[in-house]
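Please walk me through this structure. Start where the chains meet, then go inside.

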Amino acid sequence: MSNKLPGIQHVIATSSGKGGVGKSTVSINLALGLVQKGFKVGLADVDIYGPSIPVLLGIEDEHPQVLEQTLIPIQKHDLKIMSMGFLVGQDTPAILRGPMITKFIHQFVTGVKWGELDYLILDLPPGTGDAQLSLAQNVPLTGALVVTTPQAISVKVALRGLRMFEKVKVPILGIVENMQGWATPESPSPFRGGQKLSETTGVPFLGSIPMDQTVAISGDEGQPLMAAYPDSEAAGAFRQIVSRLLDQINHTASPAGLGSFKWNLGSGEGAPPTREEANP
Amino acid sequence: MNSFSREQITPVGMKQAGQINGIVIQWQDGEDLEYDFRGLRLACACAACIDENTGEKLLVPSMVPVDVKALTIESVGTYAIRIIWSDGHSTGIYPFELLRHIGEARKQMLAAQ
């Protein structure tokens, strides 16, 4: 594990090409699914433009404390939560140029007292811009999840997100399809974009979340689905996706490589590993 | 650019070169490739050195000191390194795929001489 996030075993980014596909809802419920499996989990809402996790969890009025220049995450439902929303205010637009985005992201990497975590879920803003690139460059990601809706338009944009992670060598753990709807056992839904995306890219399909009223209601009530409606069909779908995600993480061998380093060639300080050291 | 296997673009080690003013990158497939600093500096693919739209080389080789060397090398995510040079240049990111390509090309060129 990189020295940039000591004490955190796995960092998983949830991304989508398009906005509005339910990325934050998916992030929250996957995080809670992991908590219910007994893991220590943190959730970082890095969606600087539209941080929605505080509202979805009913904690928009909370203010994280600052201790020795680090932010203390808010605790709710056994989750440790930090959001851009706490920092910029819910109704204040975060109007940020590229360099500021990079700075904000950096603060989320190094400036939050997460403590020991098994999983840290990063809820990314939609798209393939500065925020996503900064993360890939600064955070040692275990992998990324791609969230899409079943329709072709969302799949098309999700594919761009997927390609971006490929370029920066972040393993893609799987595709989650949200808002799967109009399905009955007799007539399955005609839209199956998530599966198609999986077939064209070879990325595992982790499952679909049905268009279930409980998902929307729980969001409006500020009570996450997994806590408020654990017996709903959608909550069951999330549990299944969590299990498949854990399988994927175990299969994704930790990438061999040099790890994170900053090597001063003059003094020799911080030198990366060598083959000779690895095989003495 | 040739396409490489995963082992060929995954570095497992890096150190100062013994004979030349440069570094050695050790790759997972067992290959160790040498890089001289000036060659690496000239291969910089950043927006100040290569025109983003036309791909035209903007860096003038004669402007790069013969004895240019890397002061600091740091990792960028898991896919690249960033080099801070003695001539003040620091914006170049070298993805491992590009480094493998540069290293192979240099080796072939030396073998042909």
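The paragraphs below take the interface, then the strands, then one glutamine, then the salt bridges.

This is a predicted model, in which local features need pLDDT of at least 70, side-chain atom pairs count only at pLDDT 80 or more, and totals for chains, interfaces and linings use all residues. Residues are numbered from 1 along each chain as its sequence is written, chains are lettered from A and ligands numbered from 1 in the order in which they are written, and side-chain values use heavy atoms, with hydrogens and water left out.

Begin with the contact between the chains. Contact means heavy atoms within 4.5 Å. Chain B brings 32 residues to it, and chain A brings 22 residues. The area buried between chain B and chain A is about 2100 Å². Buried area is the accessible area (1.4 Å probe) that two parts lose on being put together, summed over both. Carbon and sulfur atoms give 54% of it. On the chain B side, M14(B), S75(B) and Y79(B) supply 25% of the area that chain B buries against chain A, more than any other three residues.

Polar links cross the interface too. The rule finds 13 residue pairs in polar contact between chain B and chain A, both residues at pLDDT 80 or more. A polar contact is a pair of N or O atoms within 3.5 Å; within protein, one must be able to donate a hydrogen and the other to accept it, and residues adjacent in sequence count only if both atoms are side-chain atoms.

Which elements of chain B supply the side that touches chain A? β1 (11-16), β2 (22-27), β4 (70-76), β5 (80-85) and α2 (96-112) of chain B each supply at least two residues. Helices (H or I, at least four residues) and strands (E, at least two) are DSSP runs, numbered from the N terminus. β4(B) gives the most, with 7 residues. By type, this side of chain B divides into 15 nonpolar, 10 polar and 7 charged residues. Here Ala, Val, Leu, Ile, Met, Phe, Trp, Tyr, Cys and Pro count as nonpolar, Asp, Glu, Lys and Arg as charged, and the others, Gly among them, as polar.

β4(B) also pairs with a strand of the other chain. Its partner is β11 (residues 262-264) of chain A, in the antiparallel sense, over 3 bridges. Two strands pair if DSSP finds at least two bridges between them. In this pairing, N264(A) stands opposite T72(B).

Now move into chain A. Strand β9 (residues 172-180) of chain A is mostly covered, with 8 of its 9 residues buried. Buried means under 20% relative accessible area, exposed over 50%, partly exposed in between (1.4 Å probe, protein chains only). Strand β8 (residues 143-148) of chain A runs parallel to β9(A), and 5 bridges join the two. L145(A) stands opposite G174(A) in β9(A).

Look next at Q132(A), in helix α5 (residues 130-138) of chain A. Is Q132(A) buried or exposed? Q132(A) is buried, at a relative accessible area of 3%. Beyond its neighbours within four places in sequence, Q132(A) is in contact with L124(A), P125(A), P126(A), G127(A) and M164(A). Its side chain reaches the backbone oxygen of P126(A) at 3.2 Å.

Finish with the salt bridges. A salt bridge is a side-chain nitrogen of Lys or Arg within 4 Å of a carboxyl oxygen of Asp or Glu. Between chain B and chain A the count is 3. One joins E97(B) to K169(A), with the closest N and O atoms 3.9 Å apart. Another joins K15(B) to E276(A), at 3.2 Å. That pair crosses from strand β1 of chain B to helix α11 (residues 275-278) of chain A. K15(B) is partly exposed at 29%, and E276(A) is partly exposed at 39%.

Other salt bridges stay within a chain. R163(A) and E166(A) meet at 3.2 Å, N to O. Both lie in helix α6 (residues 152-167) of chain A, 3 residues apart, about one turn of the helix. In chain B, E34(B) bridges to R106(B) at 4.0 Å. This pair links distant parts of the chain, strand β3 (residues 32-36) and helix α2, 72 residues apart. E34(B) is partly exposed at 30%, whereas R106(B) is buried at 16%. Salt bridges that share partners also join D29(B), R100(B) and E104(B) into one network.
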